[in-house]
Amino acid sequence: MKKSSSLQVFITMALIVSQSFDLFSQTDEVESLVKSIEEHNVYEWSICPESIEAEQINNFKKLARIATDEELIKLLKSKNSVVTAYAFSALVKREHDSLTSYVYDHLDDFRKLEVLMYGCDFIHGNQFETTVANFVLNESNEHINADDRNKIDSLLLFSTKEYEFLAYLLNDKKFDEKYHDRIKELVVSHKYKSAPIALVRFQDTTDLKILEKELYKNPYNTISLIEIFPHAFFKTFIS
């Protein structure tokens, strides 16, 4: 009986040691991957031809496979923007619950991010536009509910910073009436070429005077505006 108990204790201890060793080995491997990502220091997407694998993409695939949720969440706070971007992408892949709070925390994260697309096109981007914006733009993303989307839109509309992401929203989205005056301000400020498109969606004839000034400066928007609001006023600009 004593021998059996001793054997059981020995087996239990051996399992604990083995699991601890595996955990430490995995942590070491994650640290090694992070170091490699930092050394390459570029956020790389699919390369062409697809039969060739880039080391940085392999680093991401392995990180997404072996890192724990806790490790990835910790890496979101990395000082290296590429590590942050890949950690976020890995959590998106896992559909992790912490993603919405991360979005709010990083709306003003404009750290530089070198992006290499398809192995040949370099883009000088930033953390928000490359990772967060793409996540929010995905309308099928169930991790951001309608209230959160509206809150994020509002924060961006009233921000003093300029967002490429907001330019897309102004071009594609119909905003609530409560944002009418703010969008007028954006039109007058000339910060976003797509702001007149957002404004004309309100189909308010009192906005035509503002739009008239803008169309004389930037007539390329005329057809888009007519398609949204076919008012006789616009004939002047196409005759």
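**Figure 1. Buried residues of helix α7.** The buried residues of α7 are Asp148, Arg149, Ile152, Asp153, Leu156 and Leu157. Buried means under 20% relative accessible area, exposed over 50%, and partly exposed in between (1.4 Å probe, protein chains only). Helix α7 covers residues 146-157, 12 residues in total. From first C-alpha to last, α7 reaches 16 Å, close to the 16 Å expected at 1.5 Å a residue. That expected span is 1.5 Å times one less than the number of residues. Helices (H or I, at least four residues) and strands (E, at least two) are DSSP runs, numbered from the N terminus. An α-helix has 3.6 residues a turn, so residues three or four places apart point the same way.

This is a predicted model: local features need pLDDT of at least 70, side-chain atom pairs count only at pLDDT 80 or more, and totals for chains, interfaces and linings use all residues. Residues are numbered from 1 along each chain as its sequence is written, and side-chain values use heavy atoms, with hydrogens and water left out.

**Figure 2. The largest nonpolar core.** This core has 62 residues. A nonpolar core is a set of buried Ala, Val, Leu, Ile, Met, Phe, Trp, Tyr and Cys residues joined through side-chain atoms within 4.5 Å. Leu63, Leu156, Leu170, Phe175, Ile183 and Phe234 touch the most other members. Helix α4 (residues 81-94) gives the largest share, 8 residues.

**Figure 3. Phenylalanine 88 in helix α4.** Phe88 sits in helix α4. Phe88 is buried, with a relative accessible area of 2%. Leaving aside neighbours within four places in sequence, Phe88 is in contact (heavy atoms within 4.5 Å) with Leu76, Leu99, Tyr102, Thr131, Val132 and Phe135. Phe88 and Phe135 are 47 residues apart in sequence, and their C-alpha atoms are 9.6 Å apart in space.

**Figure 4. Serine 78 in a loop.** Ser78 is found in the loop between α3 (69-75) and α4. Ser78 is buried, with a relative accessible area of 16%. Beyond its neighbours within four places in sequence, Ser78 is in contact with Glu38, Val83, Thr84 and Arg111.
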